[in-house]
Amino acid sequence: MSRSSRPNILFVFADQLRASSLGHVGQEPVLTPHLDAFAQQGMRFTRAVSNAPICSPMRASILTGLHPLSHGMVTNDLQLRQDVTSIAHVLGEQGYRTGYVGKWHLDGEDRAGFTPPGPRRQGFDFWAVANCNHLYMEGYYYRDEPEPIFIDDYEPTGQTDVAIEFLQDSAERGDPFCLFLSWAPPHCPYDQVPGRFRGLYDAEHLAVRKNAVSPDMEKVAGYYAHISALDWNFGRLLDALDALEMADDTLVVFTSDHGDMLYSQNRGWKCKPWHESVIVPFIARWPGHVPAGATESAPFGLVDVMPTLLDLCGAPAPKGMEGVALPHLLLGQPGPRPSSTPIHFHLSYKTFSFSEWRGVVTERHTYARFRDRAWCLYDDAADPYQQRNLVGDASAAEVEAALESETAQWLERLEDDFPTRDELARRYDFTMNENGITPYHFNEKVTQEQRRRAATRVERMAKA
């Protein structure tokens, strides 16, 4: 395959960014001029789905093309097995320079721990990573030594600086590259955002999302401010590609690991089957290959990312991959369209008001069930804010039966026996605390330095 037909990969993803919270979608008053322009330059998937809407499980699925019961990351703060094959393993063998910058959350219970060079890095050569940090003005990363490098700015800005340095170095080397850049916002805390972006939003006058119940508008404004800050940094990345004359040779993807309910359906965070949790942005640009200004409404699961990118790079897919290569959807070409993609939440915390669930997203519908009964069914075309649950509605009986059958087929295909929380802990050999949460902690040396820096957080946010 010629170099011109084998793209560089720049894969940028946020943490807990729902698809509806981008300006061009038109549902929320978020200012995202760079991402709005980017969507006009490439393909936007309107039904991109976080198959497992929680951090570690979905991140592992993005990198491996496997669902959680296969890669074993069924909840947060476990360590990804070293015998799985990641996209970095495959592309590294194909001559790509591979790099990862930002949040990892795949290396066990020490969220501030150092991941040494070797198999726990899952094939990535260049490394500037924090396992899991959500103090955005006290950010840091590790390279190849166990000493954290602190960022004297908003964490995504510092991470973007490192990513641009990687791009510059790659331009000098001339080899194809695959860089993953993982930003932790707009995940809470919603108030740790530079003042110039928080100043864009007046909490008292923001429009309320149609299905939000009693929202704390200060937090909503902070969420939006994080998104605008990410948008600004994304613009910096695109400018760097232009300056390095690499834009035409680079497939750029922007997405998120999952969304954020943020008071919709009277719920918070992720782990839910509703749009705000499972429908994520997915925009791709590769000039001359991906059609500009196009949209695609077929269900596209994030588990399909690895096989799709490998296909576009002319690289072989590992045996046993559960995601499906769908490059024709990205390229705007004819080909098979998936009827559905599965959604699942495998280990529910005891503090939740619901248990584990499974379901599907189709081009038009969202469906989820518990072990013993159907939970929710929405006609997303007729009811875009999912305000009418059709489970048990006689007018939707045929649709409900069809989606129940579709869900059952996915369970069979994935050999998913719908295990309980305790069965999962035995099967994958992990422990839980009294709330059903896998324990995690922070390296005390890092924590002490973050506490020291926190004393000047307000001042640094004002300057950032």
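What follows is a short exchange on ring pairs, charges over rings and the backbone of this predicted model.

Colleague: How many aromatic pairs does a search of the whole structure find?
Modeller: Rings of Phe, Tyr and Trp pair if their centres lie within 6.5 Å. The search covers the whole structure. The count of aromatic pairs is 34.

Colleague: Take Phe45 and Phe300. Is the pair stacked, edge-to-face or tilted?
Modeller: The ring centres are 4.8 Å apart. Stacked needs planes under 30 degrees apart, and edge-to-face needs over 60. Here the planes are at 40 degrees, so the pair is tilted.

Colleague: How many residues apart in sequence are the parts that this pair ties together?
Modeller: Phe45 lies in strand E2, residues 43–45. Phe300 lies in strand E12, residues 300–301. Both Phe45 and Phe300 are buried. The pair therefore ties together parts whose separation in sequence, in residues, is 255.

Colleague: What about Tyr100 and Phe180: stacked or edge-to-face?
Modeller: Their centres are 6.2 Å apart. The angle between the planes is 10 degrees. The cut-off for stacking is under 30 degrees. So, with 10 degrees against that cut-off, the pair is stacked.

Colleague: Which strands hold Tyr100 and Phe180?
Modeller: Both residues are buried. The pair ties together parts that are 80 residues apart in sequence. Tyr100 and Phe180 lie, in that order, in strands E4 and E8.

Colleague: The charged end of Lys272 sits over which ring?
Modeller: The charged end is 5.3 Å from the ring centre. The ring's residue is also part of an aromatic cluster, whose members include Trp274, Phe352 and Trp375. Lys272 sits over the ring of Phe352.

Colleague: And which ring lies under the charged end of Arg358?
Modeller: The distance to the ring centre is 4.2 Å. The ring belongs to Phe418.

Colleague: His105 has a positive phi. Is His105 buried or exposed?
Modeller: His105 has a phi of about 60 degrees although it is not a glycine. His105 is found in the loop between E4 and strand E5. Buried means under 20% relative accessible area. The value for His105 is 2%, so His105 is buried.

Conventions: Residues are numbered from 1 along each chain as its sequence is written. This is a predicted model: local features need pLDDT of at least 70, side-chain atom pairs count only at pLDDT 80 or more; totals for chains, interfaces and linings use all residues. Side-chain values use heavy atoms; hydrogens and water are left out. Rings of Phe, Tyr and Trp (its six-membered ring) pair if their centres lie within 6.5 Å; planes under 30 degrees apart count as stacked, over 60 as edge-to-face and the rest as tilted. Helices (H or I, at least four residues) and strands (E, at least two) are DSSP runs, numbered from the N terminus. Buried means under 20% relative accessible area, exposed over 50%, partly exposed in between (1.4 Å probe, protein chains only). A charge sits over a ring if NZ of Lys or CZ of Arg is within 6 Å of the ring centre and within 35 degrees of the ring normal.
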